[in-house]
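This briefing describes the fold of one protein, topic by topic. Please keep the sequence and the three-dimensional view at hand while reading.

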Amino acid sequence: MLALGCAPTQDPSSSVALPALVPEGPPQPPSGASRGFADGLLPAGATVYDDHPGLIRLDSRLREELRAATADASAVGVGIVVNSGWRSAAYQSLLFEEAVAEHGSEAAAAAWVARPGTSVHESGAAVDLGPSSAVDWLAQHGADYGLCQVYDNEPWHFELDLDAVENGCPDPYDDPSDDPRLQM
Ligand SMILES: [Zn+2]
């Protein structure tokens with residue numbers, strides 16, 4: 001009787017050759033590869049207590065203050081979710097290119113997404129928070145933790161400004177294209 005279906009003993013020297021490895025090189029054009037957890041993508045519902053790279057690579061003081069705010073908000077029934085934190089340069093480039101496609105030009109896109117190389121998300125100094133109940137709570141109480149809204153058109157975007165603990169948050173810019181820190 002033939003032993004069909006049994007795994008044959010294989011001589012390693014005769015096994016099928018593996019496909020050639022893709023050589024490392026300059027950054028590839030946008031693909032799904034720039035949008036992994038390693039690039040700062042966060043799963044839905046992430047909180048500042050999670051350990052994804054997008055959270056671990058935040059500025060440590062920002063993370064500490066956001067944890068304090070998250071605990072205090074939670075005590076009054078408000079959950080704070082982190083939709084975006086630290087992002088790799090590749091991820092920021094991808095987001096900007098998508099915004100260019102959506103808004104029609106680089107200038108129009110820059111009102112919504114910081115140009116690659118300028119985003120404070122790339123240095124881990126900003127977080128995009130939600131849901132709107134959390135944004136509302138932080139608009140009222142965030143200054144106590146140095147957490148400030150920076151742009152009128154992005155109420156969910158918060159950065160750490162420890163002067164705000166004493167002096168309150170400064171007036172937000174209209175949008176990122178109005179922010180002198182982001183001019184290239
Ligand atoms: Zn942001």
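With 18 C-beta neighbours inside 10 Å, proline 155 counts as partly exposed, because a residue is called buried if 20 or more other C-beta atoms lie within that distance and exposed if 12 or fewer do. The model shown here is a predicted one.

**Surroundings of proline 155**

- Proline 155 lies in strand β4.
- Apart from neighbours within four places in sequence, proline 155 is in contact with Val135 and Gln149.
- Serine 132 is 23 residues away from proline 155 along the chain, yet their C-alpha atoms are separated by 9.0 Å.

**Overall architecture**

- The protein contains 6 helices and 4 strands.
- Read from the N terminus, these elements follow the order α-α-β-α-α-β-α-β-β-α.
- The protein has 184 residues, of which 30% count as buried.

- The strands form an open sheet of 4 strands in the order β1-β2-β4-β3, and the pairing is antiparallel.
- Strands β1 (81-84) and β3 stand at the edges with a single partner strand each, so one side of each has no neighbour in the sheet.
- On average, neighbouring strands of this sheet are turned by 50° against each other when direction is ignored.
- Helix α5 packs on the sheet and touches β1, β2, β3 and β4; the direction of α5 makes about 120° with that of β2.
- Strands β1 and β2 pair in the antiparallel sense over 3 bridges, and valine 82 has leucine 129 in β2 as its bridge partner.
- Strands β2 and β4 are also antiparallel, with 3 bridges; here aspartate 128 stands opposite histidine 157 in β4.
- Strands β3 and β4 are joined in the antiparallel sense over 4 bridges, and leucine 147 stands opposite leucine 160 in β4.
- As a general rule, side chains in a regular strand alternate between the two faces of the sheet.

**Helix α2**

- Helix α2 (residues 60-75) has 16 residues and spans 23 Å from its first C-alpha to its last, close to the 22 Å expected at 1.5 Å a residue.
- The buried residues of α2 are Leu62, Arg63, Glu65, Leu66, Ala69 and Thr70.
- The face turned away from the buried side of α2 carries the exposed residues Ser60, Arg61, Ala71 and Ala75.
- Partners for the buried residues of α2 are found in α1 (53-56), β2 (126-130), α5 (132-141), β3 (147-151) and β4 (154-160), against which they pack.
- Glycine 77 follows α2 and has a positive phi, near 85°.

**Nonpolar cores**

- In soluble globular proteins, nonpolar side chains tend to be buried together.
- The largest nonpolar core has 24 residues, and Val127, Leu129, Leu138, Leu147 and Phe158 touch the most other members.
- Two or more residues of this core come from each of α2, β2, α5, β3 and β4.
- Strand β3 gives the largest share of this core, with 4 residues.
- Valine 127 touches Leu58, Leu62, Leu66, Val82, Ser84, Gly85 and Phe158, when residues up to four places away in sequence are not counted.
- A second, separate core has 10 residues, including Ala90, Tyr91, Phe96 and Ala99.

**Leucine 42, before the helices**

- Leucine 42 is located in the segment before α1.
- Is leucine 42 buried or exposed? Leucine 42 is buried, because 22 other C-beta atoms lie within 10 Å.
- Leaving aside neighbours within four places in sequence, leucine 42 is in contact with His52, Gly54, Val82, Asn83, Ser84 and Gly85.
- One of these, valine 82, is 40 residues from leucine 42 along the chain; the C-alpha atoms of the two residues are separated by 7.8 Å.

Methods:
Residues are numbered from 1 along each chain as its sequence is written. This is a predicted model: local features need pLDDT of at least 70, side-chain atom pairs count only at pLDDT 80 or more; totals for chains, interfaces and linings use all residues. The expected span of a helix is 1.5 Å times one less than its number of residues. Two residues are in contact if their C-beta atoms, placed from the backbone, lie within 7 Å. Two strands pair if DSSP finds at least two bridges between them. Axes are lines fitted to C-alpha atoms, for helices over the stretch in contact, and angles run from 0 to 180 degrees between N-to-C directions. A nonpolar core is a set of buried Ala, Val, Leu, Ile, Met, Phe, Trp, Tyr and Cys residues joined through C-beta atoms within 7 Å.
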